Amino acid sequence: IAVFPDRLTPMYAFERDEPTPLWQAAIGPVLVAILVVLAWRMRTRSTTHALFGAGLLVALLYLAPVSNLVPLYFQWADRYLVWMSIGLVLSLGATLDLLFTGAGAERRIGVVGLVIAAPLVARSVQYAEVWSSDLRLWGHAVSVEPRSYYAWLKLGEVQRDAHQYGPALDAYAEAIEIAPDLRVGHASFVYTLALRDEQRHDLEPSNALSHSERFLRAMDDAQGLRDLASDMSEQGYRQAMTYVLARSLDLEPVRDDQLEHAIAVQLQEGNFWLARFYLSRMQDRPLSPVVNTFWQAERNAHERTHGREEPIDESLDRP
């Protein structure tokens with residue numbers, strides 16, 4: 001990694017599909033302990049050996065923060081990795097001094113140093129492009145570590161702030177799939193849906209953040225979610241509202257006859273988008289003539305657009 005860094009990311013998955021074997025968990029601490037003992041014992045042998053040991057100790061010192069041994073703010077982590085290289089360079093120089101002596105030693109040392117440094121320089125220049133923007137950085141992060149929940153959250157955040165609401169929703173959907181029990185992904189999804197509703201329907205002032213905060217507090221409260229969905233509907237939110245309402249109906253499902261009544265009411269009021277949502281929640285074909293006519297019309301429209309083989313998807317952006 002020090003000579004040719006590859007597939008690095010600022011965020012890795014905290015959970016693995018399988019538990020880490022004991023030997024893999026122990027190899028890192030054991031190796032660090034061996035290096036500390038080696039560096040300490042070399043300090044008194046000669047100037048060159050002392051330089052080698054000092055370099056190892058410096059590298060280990062700056063490795064500690066990025067090994068989660070001590071708390072560290074994320075934005076400073078990469079700085080410690082850079083400083084760690086100083087210790088490695090000191091140890092490398094001392095090692096080359098021990099290996100090459102006599103006439104022409106300096107030239108041989110220079111050639112070896114160039115061979116080692118060249119790929120690092122080339123890779124560093126290439127990786128600088130990855131850090132050129134937040135969008136590129138977090139896009140790279142999820143490509144390297146596709147099971148990292150927080151990397152997907154960060155990607156969704158920067159895409160949302162760039163008003164790329166569709167890709168942001170896709171990123172949050174990935175995060176929800178990885179960790180469906182964590183609430184932040186769901187709340188971020190609602191926030192982004194609400195922002196997109198505001199953009200599409202010219203809704204002012206913005207209540208997207210407050211609605212997502214209410215959703216976060218009421219995620220396990222079916223009635224609280226219904227109240228929130230009602231308030232959002234009155235303010236003109238559509239897809240964000242149906243996502244909240246879908247969560248409520250998942251917690252407390254309603255019967256098909258109740259859904260049919262709701263569809264009939266929404267058809268009478270001209271809210272066809274909401275009628276479609278309720279229709280998507282039904283288990284069987286509607287019995288009411290009015291609702292059945294609407295169901296058939298929606299089915300015919302779907303078949304004209306997508307063909308008979310593709311199933312109707314009324315998910316309304318639910319991940």
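This note goes through the predicted model point by point, from overall make-up to individual residues.

1. Basis of the note. Because the model is predicted, local features are considered only at pLDDT of at least 70 and side-chain atom pairs only at pLDDT 80 or more, whereas totals for chains, interfaces and linings use all residues. Residues are numbered from 1 along each chain as its sequence is written, and side-chain values use heavy atoms, with hydrogens and water left out.

2. Overall make-up. The chain holds 14 helices and 0 strands, where helices (H or I, at least four residues) and strands (E, at least two) are DSSP runs numbered from the N terminus. Of the 319 residues in the chain, 34% are buried; here buried means under 20% relative accessible area, exposed over 50%, and partly exposed in between, with a 1.4 Å probe and protein chains only. The accessible surface comes to about 19,600 Å², and carbon and sulfur atoms hold 57% of that surface; such areas come from the Shrake-Rupley method with a 1.4 Å probe, and for residues only the protein chains shown count as cover. Among contacts (heavy atoms within 4.5 Å) with a separation of 6 or more, 57% are between residues 24 or more positions apart.

3. Nonpolar cores. A nonpolar core is taken as a set of buried Ala, Val, Leu, Ile, Met, Phe, Trp, Tyr and Cys residues joined through side-chain atoms within 4.5 Å. The largest has 59 residues, and those with the most contacts inside it are Trp 138, Phe 215, Met 241, Val 244, Ile 263 and Tyr 278. Helix 7 (residues 165-178) gives the most to this core, with 8 residues. Apart from it lies another core, of 5 residues, including Ala 39, Phe 52, Leu 56 and Ala 94. Leaving aside neighbours within four places in sequence, Tyr 278 touches Leu 245, Leu 259, Ala 262, Ile 263 and Gln 266.

4. Helix 9. In this helix (residues 208-217) the buried residues are Ala 208, His 211, Ser 212 and Phe 215. They lie on the same side of helix 9, because they cover an arc of only 100° around the axis, the arc being that of the directions from the helix axis to the C-beta atoms. Their cover includes helix 8 (183-201), helix 10 (222-234) and helix 11 (239-251).

5. Salt bridges between elements. With a salt bridge defined as a side-chain nitrogen of Lys or Arg within 4 Å of a carboxyl oxygen of Asp or Glu, the count comes to 11. One of them joins Asp 250 and Arg 281, at 2.8 Å from N to O. Asp 250 lies in helix 11 and Arg 281 in the loop between helix 13 (272-280) and helix 14 (289-306), so the pair ties together parts that are 31 residues apart in sequence. Asp 250 is partly exposed at 44% relative accessibility, while Arg 281 is buried at 16%. Arg 276 also forms a salt bridge, with Glu 298, the closest N and O atoms being 3.0 Å apart. This pair links helix 13, which holds Arg 276, to helix 14, which holds Glu 298, across 22 residues; Arg 276 is partly exposed at 30% and Glu 298 is buried at 17%.

6. Arg 299 and Glu 303 meet at 3.7 Å, N to O, and because they are 4 residues apart in helix 14, about one helical turn separates them. Elsewhere, salt bridges that share partners join Arg 183, Asp 220 and Arg 247 into one network.

7. Backbone points to check. Most residues other than glycine have a negative phi, and most peptide bonds are trans. A cis peptide bond joins Glu 204 and Pro 205, with omega about -10°, and Pro 205 is placed in the loop between helix 8 and helix 9. Asp 202 is found in the loop between helix 8 and helix 9; its phi is positive, at about 55°, and the residue is exposed, with a relative accessible area of 66%. His 163, in the loop between helix 6 and helix 7, has a positive phi near 65° and counts as exposed at 54% relative accessibility.

8. Two further loop residues. Leu 287, in the loop between helix 13 and helix 14, is exposed at 75% relative accessibility. Ser 148, in the loop between helix 5 (134-144) and helix 6 (149-161), is buried at 1%.
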